[in-house]
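Thanks for coming, everyone. Please bring up the model on your screens, and we'll go through it piece by piece.

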Amino acid sequence: MVAWTFLTEVHLFIIFMLLTFAVNGEVRYSIPEEMAAGSFIGNIANDLGLDDKRLKNGKARIYSEGGTDYIELNVNKGTLVIKERIDREQLCGRIMPCILNFQILLENPMELHRVAVEIIDVNDNDPIFPRNLIQLEISESSISGARFSLPRAVDPDVGVNTLQTYTLSSTDHFHLKSRSQDEQSSFINLILKTPLDREKQEQHILILTAVDGGDPPRSGTAEIHIIVLDANDNTPVFTQEIYKATVAENAPVGSVLLRVNATDADTDLNGQITYSVTHATDIAKELFELNPVSGEIKVIGLIDYEQSKMYEMNVEARDHGNNADSSKVVIEVTDVNDNTPVINVMSASNQIPEDALPGTVIAMINIQDKDSGKNSEVHCYIDEDIPFRLKSLNNFYKLETDGFLDREMIPKYNITIHVEDKGTPSLSASHTLTLEISDVNDNPPKFEKEHYIAYVVENNSPGSSFFSLKAKDLDLGANSKIAYYVQETRVQNSSVSSYVSVNSDDGVLYAVRSFDYEQTTQFQVSVIAKDGGSPPLSSTAVIDVFVQDQNDNAPRILYPVQSKGSLVAEMVPRSADVGYLVTKVVAVDQDSGQNAWLSYKIMKPADLTLFEIGLQNGEVRTLRQVVDKDSSKQRLTISVEDSGRPSLSATVVVNVVVTDGLHQALLELNDMSQGTEADDNITFYLILALVIVSFLFMTFIIILVSVKLYTWRRSKLYNKCAGGNLPVIPYYPPHYADAVGTGTLHQVFNYEVCMTADSGKSEFKFIRPTNGTLVRVDPSGTETIPHMMSKNAIDEADFKQVGPLSQ
């Protein structure tokens with residue numbers, strides 16, 4: 001019958017299940033208690049205006065402050081269902097309304113939705129008396145109107161379902177008087193209507209019934225056994241019907257709260273009163289004690305305001321004649337700030353990227369303080385010197401960014417959340433969150449300088465390094481890994497990559513070719529440093545490369561011009577004075593700087609006292625006047641030498657005719673031409689024979705050395721490869737060379753390698769310059785003579801006299 005009644009009430013209240021409304025962002029539902037597990041409460045997704053996928057992707061979950069989960073969220077359907085049977089009386093006691101509060105928490109981005117479920121009472125509890133049998137001893141001398149306290153029934157239900165009325169079985173001597181100020185302050189007294197007569201009836205049995213206001217109503221009964229005693233004329237009377245006291249929750253044990261007092265007009269034993277507690281909760285009995293003689297009520301336990309705010313006790317004053325009076329004691333507990341605020345981190349991120357925008361939610365926090373009133377009001381804050389802030393949502397807080405982050409400046413934050421209540425004295429708590437800032441590629445590589453100057457010596461070996469530059473990136477990991485590239489530009493109508501290359505790992509610049517200062521004195525290279533981020537960032541450095549000159553060009557004589565088959569001579573009259581300008585040797589050097597500074601000197605003069613040459617200007621002048629004994633034909637060998645290290649030089653022969661007339665000068669000049677031609681022919685055949693013999697000897701030596709070297713390297717290569725158990729590879733002859741000619745030099749490179757079968761998986765490059773043979777042919781007829789050999793390289797030529805020209 002009870003189960004059927006319960007199901008009927010559930011059906012009656014089912015119409016309230018979907019009554020939802022949003023108040024300040026709060027969704028409220030009303031459901032009856034005692035619903036079965038799995039029962040539908042409401043479609044929270046629709047009520048919040050959320051998509052079903054949002055619940056899944058946002059990892060929706062329920063956060064409950066109490067820690068007991070009565071309600072479950074079905075993220076697949078977006079519905080709320082009963083997880084565990086809810087007993088309103090167990091959950092809320094006599095508190096009305098009974099609200100079950102919890103929050104729906106979503107992530108990515110973080111959202112918080114408050115949900116309140118009101119548990120509606122169902123009349124599922126009968127009124128129950130503390131004792132089924134109530135025994136009273138009443139003196140027959142008790143006068144009409146005497147009151148006898150009866151224990152009141154308890155009904156855990158609330159509202160209309162709670163206890164409403166008491167009824168007493170039919171009797172001529174008694175009636176009931178009940179008083180109901182509120183649900184916690186009701187009492188019931190048995191009132192004597194007519195005096196009792198023990199001689200007529202020693203015992204009376206009555207039935208006391210308690211009825212609630214449910215539909216249908218529920219009731220509970222107790223049996224009253226009244227024993228009629230002999231006379232005791234006066235009944236004790238309390239001075240107050242209700243005693244009230246206030247006690248702080250931190251009141252020490254032994255504190256006296258109040259004293260109840262009753263008077264009895266009788267004397268001696270009949271006037272002695274004994275006090276007792278007739279009705280009190282178990283908790284009240286553990287906290288308070290009534291002195292049976294003095295009527296003092298003391299504290300005997302630790303009072304907690306958060307456990308109960310008020311306690312009630314029914315006390316009785318009884319004399320030795322068993323006459324009694326009853327009264328009620330109400331003890332109100334005042335709150336003391338004895339609970340420290342509690343910080344609950346509902347959800348928190350331990351890492352965010354440094355490019356997170358201001359307002360990015362990091363954590364959701366709930367603050368709880370079990371005190372009440374001002375003692376429960378809290379102030380939550382964080383340090384001001386960090387780019388974060390707290391936003392309050394009642395007792396919930398959002399921790400979010402309040403500015404832009406920079407990992408390179410601060411890679412990690414320890415965020416301490418402080419909370420303190422407004423009680424006196426104030427209590428506080430703190431909690432520290434560690435937040436790491438993940439790297440974002442927001443820093444481009446940075447060179448030490450934007451513009452560099454590098455120097456490379458001409459005639460360098462291709463593949464040699466000549467400069468190094470470095471860039472730094474403040475990011476981490478792949479974002480800080482830098483690769484270097486040469487920006488494509490044009491240098492003298494050629495790609496810059498044909499001039500230089502850069503090592504992509506360490507930024508070392510290599511010369512791709514051999515530079516010639518006389519062709520290229522300067523060029524510009526732009527090197528790009530690019531990091532490994534996505535997207536990558538880069539920066540550029542400009543390098544001005546200056547080619548440094550070497551003394552690789554001998555002086556070239558422009559005047560006097562010598563051509564094969566013709567002879568140029570300078571004429572000096574015999575009447576020439578001292579310092580007479582005979583001629584001026586003009587020479588140039590394609591080098592620059594000190595390498596192009598030229599000096600002139602006479603190597604083999606016919607007469608050491610007749611001519612001199614200017615060291616810097618090349619002017620040939622007479623040192624003295626010409627005398628008769630001076631030869632009319634003078635041959636001067638003049639050397640032009642630069643100032644390089646080592647120095648290079650060129651020579652020119654200047655023929656000087658000392659004469660008094662043009663006709664005599666022509667005769668002298670003809671003799672000199674014929675003599676010179678004969679000397680030149682003899683010299684040519686001697687040189688040719690020397691070259692042929694030298695060539696044959698050198699060829700023999702080269703062949704012999706090559707054969708020996710070939711045999712030695714072949715045996716060495718075989719031993720090296722055979723020792724590593726390597727496969728047989730094709731063998732190339734030693735000095736398999738590729739001759740590359742750039743500028744004024746010819747370089748030969750040898751490439752030698754011994755590889756394994758997997759060598760094709762890696763890259764290799766070996767560059768080793770070898771000495772080449774430089775052959776220089778000067779079309780002007782001058783020859784390059786090393787400085788140390790210049791004085792011994794020229795033989796003096798003899799002048800032969802020839803007869804007068806026939807034509």
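Start at F467. Its bridge partner in β41 is L509. This is a predicted model, where local features need pLDDT of at least 70 and side-chain atom pairs count only at pLDDT 80 or more, while totals for chains, interfaces and linings use all residues. Residues are numbered from 1 along each chain as its sequence is written, and side-chain values use heavy atoms, with hydrogens and water left out.

Back to the strands. β35 pairs with strand β41, residues 508–511, in the antiparallel sense over three bridges. By pairing I mean that DSSP finds at least two bridges between two strands. Strands are DSSP runs of E, at least two residues, and helices are runs of H or I, at least four, with numbering from the N terminus.

Which strands make up this open sheet, and in what order? Three of them, in the order β35-β41-β40, with antiparallel pairing. The edges are β35, at 465–468, and β40, at 500–502; each pairs on one side only. Neighbouring strands here are turned by 25° against each other on average, direction ignored. For that angle, axes are lines fitted to C-alpha atoms, for helices over the stretch in contact, and angles run from 0 to 180 degrees between N-to-C directions. As a reminder, strands of a sheet pair through backbone hydrogen bonds, either parallel or antiparallel.

Next stop, strand β50, residues 619–622. β50 has two antiparallel partners. Strand β46, residues 581–584, joins β50 through three bridges. Strand β49, residues 611–613, also pairs with β50 over three bridges. Look at V620. T583 stands opposite V620, and I613 has V620 as its bridge partner too.

Which face of β50 is covered? The one with V620 and T622; E619 and R621 are on the uncovered face. In a regular strand the side chains alternate between the two faces of the sheet.

One detail at the turn. The hairpin of β49 and β50 has five residues between the strands, and there G618 takes a positive phi near 75°.

Now charges. The structure holds 21 salt bridges. The cut-off is a side-chain nitrogen of Lys or Arg within 4 Å of a carboxyl oxygen of Asp or Glu. Side chains of opposite charge can pair when their charged atoms come close.

Take R389 and E400. Their closest N and O atoms are 2.7 Å apart. This pair links distant parts of the chain: R389 sits in strand β29, residues 388–393, and E400 in strand β30, residues 396–401, eleven residues apart.

Is E400 buried or exposed? It is buried, at 3% relative accessibility. Buried means under 20% relative accessible area, exposed means over 50%, and partly exposed is in between, with a 1.4 Å probe and protein chains only. R389 is partly exposed, at 29%. E400 also forms a salt bridge with K391, the closest N and O atoms being 3.5 Å apart. K391 is partly exposed, at 39%. Through shared partners, salt bridges join R389, K391, E400 and D402 into one network.

Another pair: E26 and R28 meet in a salt bridge at 3.4 Å, N to O. E26 counts as buried because its relative accessibility is 15%.

R28 leads us to I99. Leaving aside neighbours within four places in sequence, I99 is in contact with R28, C92, A116, V117 and E118. Contact means heavy atoms within 4.5 Å. I99 lies in strand β7, residues 98–106, and is partly exposed, at 25% relative accessibility. I99 and I120 are 21 residues apart in sequence and 9.1 Å apart in space, C-alpha to C-alpha.

Now the surface. F684, Y685, L688, I692, F695 and L696 form a nonpolar patch with about 680 Å² of accessible area together. Patches take residues with over 30% relative accessible area and no salt bridge; like charges are joined within 9 Å, nonpolar side chains (Val, Leu, Ile, Met, Phe, Trp, Tyr) within 5 Å. Areas come from the Shrake-Rupley method with a 1.4 Å probe; for residues, only the protein chains shown count as cover. L696 lies in helix α6, residues 662–723, and is exposed, with a relative accessible area of 55%.

Last, the whole chain. It has six helices and 56 strands. Of its 807 residues, 40% are buried. Among contacts between residues at least 6 apart in sequence, 66% join residues at least 24 apart. The chain exposes about 44800 Å², and carbon and sulfur atoms supply 53% of that.
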